[in-house]
Amino acid sequence: MRKLPNLNATRAFEAAARHGSFAAAADELGVSHAAVSRHVRNLEMELGVELFERHARHVVLTGEGSLFARTVARSFADLALGVGRLKRGTARGTVVLDVESDLAVLWLMPRLTVEALDALRINVDLRCRPDPPRSLPGDVDLVLTWGPAALIGFRSEPFLDLNAFPVASPALIAKGPDPVSPGFYAAHRLIHERGLYWWRRYCEAAGVILDDVDNHLFFNRTHLCIDAALRGLGIAIGDHLSCGEHLRSGRLIQLPGPVLPGREQYHLLTPDTAHLSRPARQMRDWLRKGSAEMKGTG
């Protein structure tokens with residue numbers, strides 16, 4: 001039987017490596033700083049190598065420590081995934097899908113119809129988060145996230161690209177002036193997501209002076225920006241993913257002007273294992289089909 005290092009010491013090492021701090025690791029594990037230090041020192045003696053360089057307020061992994069940290073993190077991730085699937089054994093046919101909240105509201109939910117669920121014949125546990133995850137619970141099967149999140153135990157594939165452009169409601173456009181006129185944007189309120197980035201880019205591309213606009217409205221989520229545009233509160237930066245249904249129905253109109261490539265794209269993350277459960281494969285294939293249809297119509 002292969003001899004494993006002390007598991008308590010390995011757990012303390014993993015937390016310290018992840019945080020770069022014995023104190024933070026102690027807080028996470030609910031033990032004292034001295035206990036973490038002792039565990040790591042004993043592990044170093046057991047392995048015969050130094051795992052950390054000690055500094056006054058922090059620790060830094062040595063070369064050997066970095067190699068071991070990657071091995072331990074991967075092993076713990078595999079263990080967490082296995083435990084999560086065992087715990088979910090009573091809910092057979094359930095897929096846990098972790099989704100970025102804007103994508104869930106604006107793209108996934110409109111497609112998750114009764115007909116789609118009946119065709120899939122699986123139970124769906126949908127969990128939303130506002131930002132890309134740094135780690136995941138062990139029971140998560142699939143992830144849709146903004147950007148190629150590097151999560152141990154998962155592989156990433158491009159899912160959806162975005163191209164951005166201004167959108168507004170027909171009622172707002174009817175107020176004038178003409179959308180192609182230089183004063184159109186200055187005459188209305190601009191809707192922003194988390195700052196001026198997109199409108200700065202658009203104004204530079206379109207030759208519009210952003211400083212001429214006096215009225216601004218800020219939100220921290222895309223779906224709130226689109227909702228505000230639907231209500232005629234101003235002009236938002238949208239895309240075919242977030243605005244597709246509204247553009248097709250005529251509730252929003254794409255304004256004339258440049259189309260900007262997105263900074264990032266959405267990614268689909270699947271467990272980095274040779275075997276996916278049948279329900280997870282079905283959900284993955286359904287998501288890929290939706291992505292392909294989106295690309296075909298976008």
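Q: Why is D102 called buried?
A: Buried means a relative accessible area under 20%, exposed means over 50%, and partly exposed lies in between, with a 1.4 Å probe and protein chains only. D102 has a relative accessibility of 2%, which is under 20%, so D102 counts as buried. The model is predicted, so local features need pLDDT of at least 70 and side-chain atom pairs count only at pLDDT 80 or more, while totals for chains, interfaces and linings use all residues. Residues are numbered from 1 along each chain as its sequence is written, and side-chain values use heavy atoms, with hydrogens and water left out.

Q: What makes the pair D102 and R221 a salt bridge?
A: A salt bridge needs a side-chain nitrogen of Lys or Arg within 4 Å of a carboxyl oxygen of Asp or Glu. The closest N and O atoms of D102 and R221 are 3.1 Å apart, so the pair qualifies. D102 lies in helix 5 (residues 101-111) and R221 in the loop between strand 8 and helix 9, so the bridge ties together parts that are 119 residues apart in sequence. Helices (H or I, at least four residues) and strands (E, at least two) are DSSP runs, numbered from the N terminus.

Q: Which other residue forms a salt bridge with R221, and how do you know?
A: E100 does, with closest N and O atoms 2.8 Å apart, a value within the 4 Å limit. E100 belongs to strand 3 (residues 94-100), so this pair links parts that are 121 residues apart in sequence. R221 has a relative accessible area of 8% and is therefore buried; E100 is buried as well.

Q: Are R54 and E44 buried or partly exposed?
A: R54 has a relative accessible area of 34%, which lies between the two cut-offs, so R54 is partly exposed. R54 sits in strand 1 (residues 52-54) and E44 in helix 3 (residues 33-47), so the bridge ties together parts that are ten residues apart in sequence. The structure holds 14 salt bridges.

Q: What makes T270 buried, and which residues is it in contact with?
A: T270 has 4% relative accessibility, under the 20% cut-off, so it counts as buried. T270 lies in strand 11 (residues 260-271). Contact means heavy atoms within 4.5 Å. Leaving aside neighbours within four places in sequence, T270 is in contact with D141, L142, G153, F154, R155 and R284. R155 also stands opposite T270 in strand 11.

Q: Why is the protein chain called more spread out than a compact globule?
A: The chain has eleven helices and eleven strands. Its radius of gyration is 25 Å, well over the 19 Å that the globule rule gives for 298 residues, so the chain is more spread out than a compact globule. The radius is taken over C-alpha atoms, and the rule is 2.2 Å times the number of residues to the power 0.38.

Definitions and conventions
Two strands pair if DSSP finds at least two bridges between them.
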